Amino acid sequence: MSTFKNTETALIHGGISIDERTGAVNIPIYQTSTYKQDGLGKMRGYEYSRTGNPTREALESLINDLDGGAAGFAFGSGMAALTAVLSLLRSGDRVLISSNVYGGTFRLLDKVFDHFSINHTIADTTDLAAYESEITPDVKAVVIESPANPLMTVTDIKAVAEVSHKHGLLVIVDNTFMTPYLQKPLALGADIVVYSATKYLGGHSDVVAGLAVVSTKELAEKIAFIQNSTGGVLGPFDSFLLIRGIKTLAVRMDRHVENAEKAAHFLAEHKAVKKVYYPGLPTAQGYEVNRGQAKNGGAMISFELHENYDIRRFFESLELVSLAESLGGVESLVCHPATMTHASIPADIRKKVGITDGLIRLSVGIESIDDILADLAQAIEKAEVH
């Protein structure tokens, strides 16, 4: 584990940051599928790249250092990482999930794991009493997002972990929005943290990847077995890109957050905006809880326009900000959760948890904030229905 006290340094020098054989300050891309053995049972540390690859190993050791876990694992996508983690469960088990989570997480449980009789229940993890009332004997795990996607709902991770562990539950936290630079779920009591590393960790919208970090050696052995057996591993070139992206995470996130705070205040004060969801605003749900467990409010914002504004016209009028899936890249992106990221959640459930058809999600990039705000302003103006 890294001995660096500051995350900014660990991002660059954590894990296996130098190639021992050559001294290269960037870990090489070991683009190989197999490795020569010196005799039967005489391997040089690697045998087959599904099982282990030096570039992937460097990435896995880096994310483990950043989250302070027992071991890290790299997968082909965030959903592959979550699939591996949920594969710890058995037929008949039930999972609790936060009331608003990424639509792909809901779909995975509702349409895939359901086939194996692994069930799920949506729970309000912001209300400890309500949450605990959902814990029945068949519940074995909880999946939390904080802030949650897309309503930025904040869950007290430490409190939920304490309640969950009292009942023997596995606590899984999707930390994609915050990254280990802004929030460290394992230190708050989580058992496993997962990431869509495609987002802020990669940071440049050029790689699809997933990461998981576990808190104990026992969990590490189980996930390593699942990773090797099911094979959803990240390739060496993508591992290299992800290491490169992580090195600049601190400086990028600082700029992302600086811009997001200004954008949130701009939207909150705009006459056309009905509601803003951003945990960095003092008026936001969970503001104090978030301050206690995260460095700041992050860089994701959701908002709704008043009824006399046409969101289709708003999306079509944007010039700098792109309408696109995903988030966390250097460029600013908007999406329409109801028809994009959360379309797999049935409309009645979306309505129940507050994901309205008018909700807009904004991933604030690192461009000039003046240009971002100018683009939002002109698109909102053009969206007004007279």
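Two strands are said to pair if DSSP finds at least two bridges between them. Helices (H or I, at least four residues) and strands (E, at least two) are DSSP runs, numbered from the N terminus. This is a predicted model, in which local features need pLDDT of at least 70 and side-chain atom pairs count only at pLDDT 80 or more, while totals for chains, interfaces and linings use all residues. Residues are numbered from 1 along each chain as its sequence is written, and side-chain values use heavy atoms, with hydrogens and water left out.

Let me begin with the sheet. Strand β2 (residues 94–98) pairs with strand β4 (residues 139–145) in the parallel sense, over four bridges. Arg-94 stands opposite Val-139 in β4. The open sheet has seven strands in the order β1-β7-β6-β5-β4-β2-β3, and its pairing is mixed. Because β1 and β3 (119–123) stand at the edges with a single partner strand each, one side of each has no neighbour in the sheet.

I turn now to helix α8. It spans residues 217–230, 14 residues in total, and reaches 20 Å from its first C-alpha to its last, close to the 20 Å expected at 1.5 Å a residue; the expected span is 1.5 Å times one less than the number of residues. Which residues of α8 are buried? They are Leu-219, Ala-220, Ile-223, Ile-226 and Gln-227. They cover an arc of only 135° around the axis, which puts them on the same side of α8; the arc is that of the directions from the helix axis to the C-beta atoms. Buried means under 20% relative accessible area, exposed over 50%, and partly exposed in between, with a 1.4 Å probe and protein chains only. The face turned away from the buried side of α8 carries the exposed residues Lys-217, Glu-218, Glu-221 and Phe-225. After α8 comes Gly-231, with a positive phi near 80°.

Finally, the aromatic rings. Rings of Phe, Tyr and Trp (its six-membered ring) pair if their centres lie within 6.5 Å; planes under 30 degrees apart count as stacked, over 60 as edge-to-face and the rest as tilted. The structure holds four such pairs. One of them, Phe-113 with Phe-116, is edge-to-face, at 6.4 Å centre to centre and 70° between the planes. Phe-113 is buried, at a relative accessible area of 7%. Phe-303 and Phe-314 also form an edge-to-face pair, at 6.0 Å and 90°. Phe-303 lies in strand β9 (residues 300–305) and Phe-314 in helix α12 (residues 311–317), so this pair ties together parts eleven residues apart in sequence.
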